[in-house]
Amino acid sequence: MKRFQNILFFADGSEEMTPALQRALKLAETNHARLTLVDVIEPIDTPDEILSRFDIELSELLKQHRQQALEALVQPIAQEDNLIYTKVLSGLPFLEVIRYVQRGGYDLLIKMAHAPAGISEKLFGSVDLHLLRKCPCPVLIDRPSASSRYQRILAAVDTDSSPMEGCDELIMQLATSFKQREDAQLDIVHAWHLPGESMFRGPRFSLPDHEMEVMLNNEKDKQMGKLKALLEPYNIDINDKGIHLVKGQPAESINQIAKQNNSDIIVMGTVGRVGIPGLFIGNTAEEIFQTTACSVLAVKPPGFKSPVE
């Protein structure tokens, strides 16, 4: 299991022992890691009658109440050998959580998905999406219906990414670690295409079918070689039934494999340009965030810089 040392769980107003919190507790226990439960109270105006009667800002009252709720949530599970802390922040939720991650050096953020009101086909709300896009550490957003143990894990890799913009090594480390910890089935998917295929088939070139077939086979062989090299350190054979090398658009292919295998979670990278805040989420990641019904563990490429300061 990849060792996490400092895990942050964003309660997002919940006062229940959710599967996401159970997962955070188990990860903290198995990794002997520090676990912090955090929540955020957004600033609100205090009515004059409240201020005159209690001599305290309403935001501060809510903050104190939320702190007590978090402490009550962890009290039954807190033991002398557990490092579990609670913290309530003030401000815009996703901004304050990301800043807290950066200040505290957290290496994993866990949260239960909070779907937008009235949009039943979407799993992730705006706060979830902000965290997936902008938080520098790995982010696990768990669907509310998630079981306490993942049975099918889908790792989505992209062997065409450059070493500085790809996340394949981290994806494989995390996916194989979760497979071992959860005793789960691991599927690995890589979608490929032949660059310029539609142009070569078009009227300008009109390549014969047999020439196109040769080009497609050559590209598939190249992609298979890259995937095989990625799998070798993990003793995974390219011909295993859980390996999916598919020709097609990445987001569509990943979603199709996830649905076909009833995957519980997708482990994936947010590939994009690094070092330039705000220009880092790839189209594949964005489309999956908007369409998947699975939990997601999203990781950033080396050199990622969050636009949140």
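Trainee: Which residues point one way from β1, and which the other way?

Mentor: First, some ground rules: this is a predicted model, where local features need pLDDT of at least 70, side-chain atom pairs count only at pLDDT 80 or more, and totals for chains, interfaces and linings use all residues. Residues are numbered from 1 along each chain as its sequence is written, and side-chain values use heavy atoms, leaving out hydrogens and water. Helices (H or I, at least four residues) and strands (E, at least two) are DSSP runs, numbered from the N terminus. In β1, I7 and F9 point one way, and the other way point N6, L8 and F10.

Trainee: How many of the 5 residues of β1 are buried?

Mentor: Buried means under 20% relative accessible area, while exposed is over 50% and partly exposed is in between (1.4 Å probe, protein chains only). Strand β1 covers residues 6–10 and is largely enclosed by the rest of the structure. That's because the buried count is 5 of the 5.

Trainee: Which residue of β5 does K111 stand opposite?

Mentor: Strand β4 (residues 108–112) runs parallel to β5, with 4 bridges joining them. Both faces of β5 are covered, with V139 and I141 buried on one side and L140 and D142 on the other. The one opposite K111 is I141.

Trainee: Is R143 buried or exposed?

Mentor: R143 sits in the loop between β5 (139–142) and β6 (152–156). Its relative accessible area is 16%. By that value, R143 is buried.

Trainee: Which side chain does the side chain of R143 make a polar contact with?

Mentor: A polar contact is a pair of N or O atoms within 3.5 Å; within protein, one must be able to donate a hydrogen and the other to accept it, and residues adjacent in sequence count only if both atoms are side-chain atoms. The R143 side chain also reaches the backbone oxygen of A293, at 3.1 Å. The side-chain partner, at 3.2 Å, is D264.

Definitions and conventions: Two strands pair if DSSP finds at least two bridges between them.
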